[in-house]
Amino acid sequence: MIVEIGHFALILALVVSLVQGTVPLIGAHRNDAAWMALARPAAIAQFVLIALSFAALTHAYVTSDFSVLNVANNSHSAKPMMYKISGVWANHEGSMMLWVLILATFGSAVAIFGQNLPPSLRARTLAIQAFIALGFLLFIVLTSNPFERIMPAPVDGRGLNPLLQDPGLALHPPFLYLGYVGLSIVFSFAIAALIEGRVDAAWARWVRPWTLAAWIFLTAGIGLGSWWAYYELGWGGWWYWDPVENASFMPWLAGTALLHSSIVVEKRDTLKGWTVFLAIVAFSLSLLGTFLVRSGVLTSVHAFATDPARGVFILVLLLVAIGGSFALFAWRGPSLSATGLFVPVSREGALLLNNLLLTTASAVVLLGTLYPLFLDAMNGGKVSVGPPFFNAVFIPIMTPLFAALAVGPFLAWKRGDLPGALARLKLALGLSIAAALATWYVAADGPVLAVLGMGLAVWLVAGAFVEMASRIHLFRAPVVESLRRLRRIPRATWGMTIAHLGLGILIAGVTGSSAWKVESIQTMTPGQTIDVSGYEFRFEGASGVGGPNYTATRGRFVVSRDGTRVAVLKPEKRVYPVQGRPTTEAAIKTTFLGDIYAVIGEPEGNAGGYVTRLYFNPLVPWIWAGILIMVVGGLFSLSDRRLRVGAPSRREAPRRKDPAQKARA
Amino acid sequence: MIAFWAAALILLAGTVGLFLWVLMRSRKPAMARAEYDIAVFRDQLSEVERDLERGVLASDQAEAARIEIKRRMLAAADGRDVSEEGAVPPGLRGAGLALIAMIVPVASIAIYLMLGSPDVPDQPLAARQGDVQTAQQGEHEMAGAVAKLAAQLEKDPSNAEGWMLLGRSLRTMERWADAADAMLRGIELTGREPVALAEYAELLVMAADGVVPDAAADVFGEISAVAPGDPRIHYYLGIYRDQHGDARGAVQYWVDLIAVSPEDAPWLTSVRERIRATAAAADIDVASIKPSPDLPKPRGPSKEDVKDAAEMTPEERDEMINSMIEGLAARLEDEPDDADGWRRLAQAYRVQGKIDKAAEAMARAVAAEKNQK
């Protein structure tokens with residue numbers, strides 16, 4: 001009965017979303033208070049119904065109710081409880097349920113916290129949100145229904161892909177979806193603003209925190225996914241420029257641009273049309289990502305053509321949402337007037353440059369992701385667009401972005417002082433050149449790009465510190481005064497500095513791990529020792545171990561450096577009998593300078609030998625640290641609820657006093 | 001089922017009631033649009049004051065900020081007096097209420113009745129121990145029968161038919177390697193008969209997880225001379241060529257396979273897909289590969305043989321299951337008090353779709369239970 005109640009609640013939510021989409025929209029058009037007011041209870045009712053439905057599905061997973069087809073196909077009675085629960089969203093139908101659940105969560109959050117929004121804006125925003133929900137609920141109910149039953153119920157399920165039986169899976173999709181779907185609310189705001197033909201002060205005030213929240217989730221979600229790929233796939237890599245990864249990276253790039261342009265709207269009442277445009281782009285890329293991942297188009301364009309129901313549905317949804325919103329933008333966009341003026345060299349100008357570079361970057365990723373698909377669909381044969389392409393186009397776009405990034409915070413709003421800003425960054429520039437030269441000296445035979453990467457990383461980190469130092473007048477005012485200023489720095493400013501610092505650390509990690517990774521693949525017999533980047537790996541053999549729903553071969557390596565034992569690594573190769581598929585569990589010892597990483601493969605020969613893959617991955621932990629720091633920065637900024645007003649500078653050349661002071665975030 | 005509809009009605013009534021209540025409640029007129037903007041600007045002004053107090057802003061900057069905000073405030077205040085009150089005309093209002101009261105219940109129940117299964121209860125595994133046991137029993141009995149057969153064959157290893165049966169039974173249990181071994185024993189006794197050989201080679205492929213090992217390729221090569229019409233020969237030899245980097249040779253085999261297959265052969269779709277994928281990956285123009293000139297003429301009987309061979313396995317399996325069920329039924333007639341036995345029999349019939357017999361067996365199970373008490 002619980003299953004069927006969940007099914008009914010889902011269908012009722014579908015009908016409610018239809019009401020929530022139409023009635024408040026008519027109400028806003030006619031200015032009818034009661035009809036507009038319906039949006040809020042409807043959004044909350046929709047959330048309650050979808051949550052009920054999701055809970056019913058989860059209940060079926062937890063109790064192993066194999067009369068539900070979705071459970072029978074994706075779960076197994078012997079699976080640990082944690083993976084029974086995370087298994088709910090580890091399949092197509094369940095992940096779409098998670099999608100709409102998060103969509104409804106954001107909708108009801110606007111309904112609950114949006115009291116200070118003008119009623120017509122709120123009604124229209126929630127109505128647009130309801131239309132998105134309507135599209136996806138129809139998709140679920142008609143093509144991907146998780147509540148389909150089978151009679152008679154099988155005695156056990158088919159189990160979950162062992163690769164997905166991992167704590168990383170429990171967290172990665174929810175975070176990613178919170179990010180993807182979080183952009184929906186900004187999209188709904190943007191469409192509502194276009195329908196109204198105006199961007200209110202309240203609109204500007206609202207969009208930024210929502211974008212920021214979505215950005216935090218998306219950053220964490222991509223980071224978790226990359227981390228999971230790193231330790232689970234066992235190739236020592238953490239990013240593959242794989243279309244599924246690109247699908248989440250494109251909205252991140254656009255969302256980052258949106259985050260920065262929304263600051264300008266909020267503080268300076270300009271760049272409105274551009275921000276609305278970015279909001280549409282960011283969510284469109286989320287939808288596109290969902291389409292790419294969910295329609296099966298990536299496995300093969302032809303696989304998509306043989307079972308087109310799902311793919312075609314999302315494609316139509318995509319065309320309606322993206323085409324409709326861009327058409328609306330072309331029609332109403334020009335009416336969004338701006339009041340703030342600025343010159344190219346100014347904080348606004350710097351943020352606009354950031355926007356242009358980030359949108360170019362996401363366009364490039366889009367091209368690299370879709371081009372092979374188009375070519376394949378036109379029967380132009382298979383091409384693979386991989387890391388060489390992305391490195392070749394990405395680095396030239398990112399280099400000026402990072403170079404300008406450290407300068408931006410030193411520019412004042414409206415008109416800035418570039419020579420003055422650069423003068424303040426002399427120290428950072430010196431450090432960054434020193435780092436580049438040091439890199440060149442230490443690794444003269446390494447790739448040239450490593451020199452550039454390390455230079456940029458130090459530039460950002462040093463820039464963040466210099467920025468903070470000049471903000472508190474460090475060494476130029478008494479220490480007490482500096483401390484007083486430090487305490488007064490608004491949290492949003494902390495957030496910016498911390499996030500930029502995290503980016504610098506991330507770049508260092510990316511550079512180090514791609515430039516100096518050491519890899520050694522061989523057959524090892526027990527007692528044999530292999531030297532990898534100064535670490536001696538002694539293989540001590542492998543033995544069989546059992547797990548709750550798998551059996552494994554566990555190898556044992558003793559790693560030492562200069563005769564001192566550093567770590568004992570126990571990588572596993574697991575076989576899950578239900579699916580008959582193996583997974584590798586890399587053993588990783590993290591040190592400050594890098595990861596010592598070991599993987600055990602197939603047995604080879606008769607002497608107890610095994611294929612082993614041993615790596616030293618320099619600076620990889622810095623990637624995760626950098627992402628974590630960026631997320632912390634975002635949280636700092638989000639916790640700052642004050643309204644920030646950009647203080648315009650009226651003087652021609654703001655050199656008389658301290659320019660950095662005016663340049664506060 | 002009644003409980004389900006009661007819950008569904010509560011959800012429906014709650015939703016519709018909430019909507020109607022919100023729509024019919026009278027509201028005080030909303031603030032003018034401009035007021036919302038002015039409220040934000042007022043907040044911003046007080047924020048400037050706070051920043052000034054904390055020393056984050058210099059006084060001239062604060063003044064500039066204030067002037068800018070006040071300018072926006074004045075602009076917003078211009079629109080303050082514009083009355084924005086409106087209402088949906090009463091006719092539309094009534095129609096809207098009626099529509100919501102009608103459409104929400106009717107649409108949701110109609111869609112649910114199309115897609116849902118209101119009369120199917122939840123079946124959590126904990127409540128299905130009986131089924132689980134029966135299934136395990138079934139597997140157990142199958143395994144028992146197989147073990148018995150194997151033991152017999154150890155005693156009488158010259159029984160070719162027995163080895164084949166064992167091989168096919170092991171095949172349904174997905175014990176590919178064991179199945180291949182048993183088949184081979186039978187084949188050696190019958191003098192390498194092509195249909196059985198093809199089955200044996202296919203088992204080798206399955207045991208190797210879809211990879212065509214050398215041994216299997218040798219067997220396919222052997223039978224291609226005797227029974228060239230078997231589609232498996234071309235299919236797997238093509239895969240074998242592809243494994244060894246000869247995509248062109250692989251496609252040639254599959255093109256030939258299509259040429260000798262009847263129009264409606266069930267394997268054509270997957271063969272075509274393989275050709276397309278392999279050709280695309282190796283950058284081969286499929287049109288350039290023509291069927292070989294010396295292909296065996298499509299022979300009716302040969303293909304019939306093949307079809308029989310393909311269908312042999314499930315039939316054999318059914319036969320085996322049937323004999324097991326008959327054995328169980330016969331035993332139960334002798335020991336009618338074995339309630340668990342009757343339950344197992346009922347389950348077995350249910351799986352076979354023989355609902356009448358299942359019901360009958362179930363009734364016997366209940367009766368047996370009563371007798372025991």
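Chain A of this predicted model contains 22 helices and ten strands. The C-alpha atoms of chain A occupy a box of roughly 80 × 70 × 55 Å along the principal axes. For 665 residues, the expectation for a compact globule is a radius of gyration near 26 Å; the value for chain A is 27 Å, which agrees. Of these 665 residues, 55% count as buried.

The largest nonpolar core holds 213 residues. Within this core, A:Val100, A:Val186, A:Ala279 and A:Leu460 touch the most other members. Helix H9 of chain A, residues 201-232, gives the most to this core, with 18 residues. In general, nonpolar side chains of soluble globular proteins tend to be buried together.

The surroundings of A:Val186 were examined in more detail. Residues up to four places away in sequence were not counted.

Helix H10 of chain A covers residues 243-268. At 1.5 Å a residue, its 26 residues should span 38 Å. The end C-alpha atoms are 37 Å apart, which agrees. Of the 26 residues of H10(A), 23 are buried, so this helix is largely enclosed by the rest of the structure. A:Asp269 follows H10(A) and has a positive phi, near 55°.

The loop between H10 and helix H11 (272-294) of chain A contains A:Leu271. Phi of A:Leu271 is also positive, near 60°, in a residue other than glycine. A:Leu271 counts as buried because it has 24 C-beta neighbours inside 10 Å, and the cut-off is 20 or more.

A:Leu619 was examined in the same terms. This residue lies in the loop between strand E10 (609-618) and helix H21 (620-639) of chain A. Its phi is positive, about 65°, although A:Leu619 is not a glycine. With 25 other C-beta atoms within 10 Å, A:Leu619 is buried.

A hairpin in chain A supplies a further positive phi. Strand E4 (residues 551-561) and strand E5 (residues 564-569) of chain A run antiparallel and are joined by five bridges. One pairing sets A:Val559 against A:Ala567 in E5(A). Two residues lie between the strands of this hairpin. There, A:Asp562 takes a positive phi near 50°.

The contact between the chains takes 66 residues from chain B and 62 residues from chain A. On the side of chain B that touches chain A, six elements are listed as giving two or more residues: helix H1 (2-24), helix H2 (33-54), helix H3 (59-78), helix H4 (90-115), helix H5 (129-155) and helix H12 (268-282) of chain B. By residue class, this side of chain B divides into 41 nonpolar, ten polar and 15 charged residues.

Notes: Residues are numbered from 1 along each chain as its sequence is written. Chains are lettered from A and ligands numbered from 1 in the order in which they are written. Two residues are in contact if their C-beta atoms, placed from the backbone, lie within 7 Å. Helices (H or I, at least four residues) and strands (E, at least two) are DSSP runs, numbered from the N terminus. Ala, Val, Leu, Ile, Met, Phe, Trp, Tyr, Cys and Pro count as nonpolar, Asp, Glu, Lys and Arg as charged, and the others, Gly among them, as polar. The expected span of a helix is 1.5 Å times one less than its number of residues. A residue is buried if 20 or more other C-beta atoms lie within 10 Å of its own, exposed if 12 or fewer, and partly exposed in between; C-beta atoms are placed from the backbone. A nonpolar core is a set of buried Ala, Val, Leu, Ile, Met, Phe, Trp, Tyr and Cys residues joined through C-beta atoms within 7 Å. Two strands pair if DSSP finds at least two bridges between them. The radius of gyration is taken over C-alpha atoms; the globule rule is 2.2 Å times the number of residues to the power 0.38.
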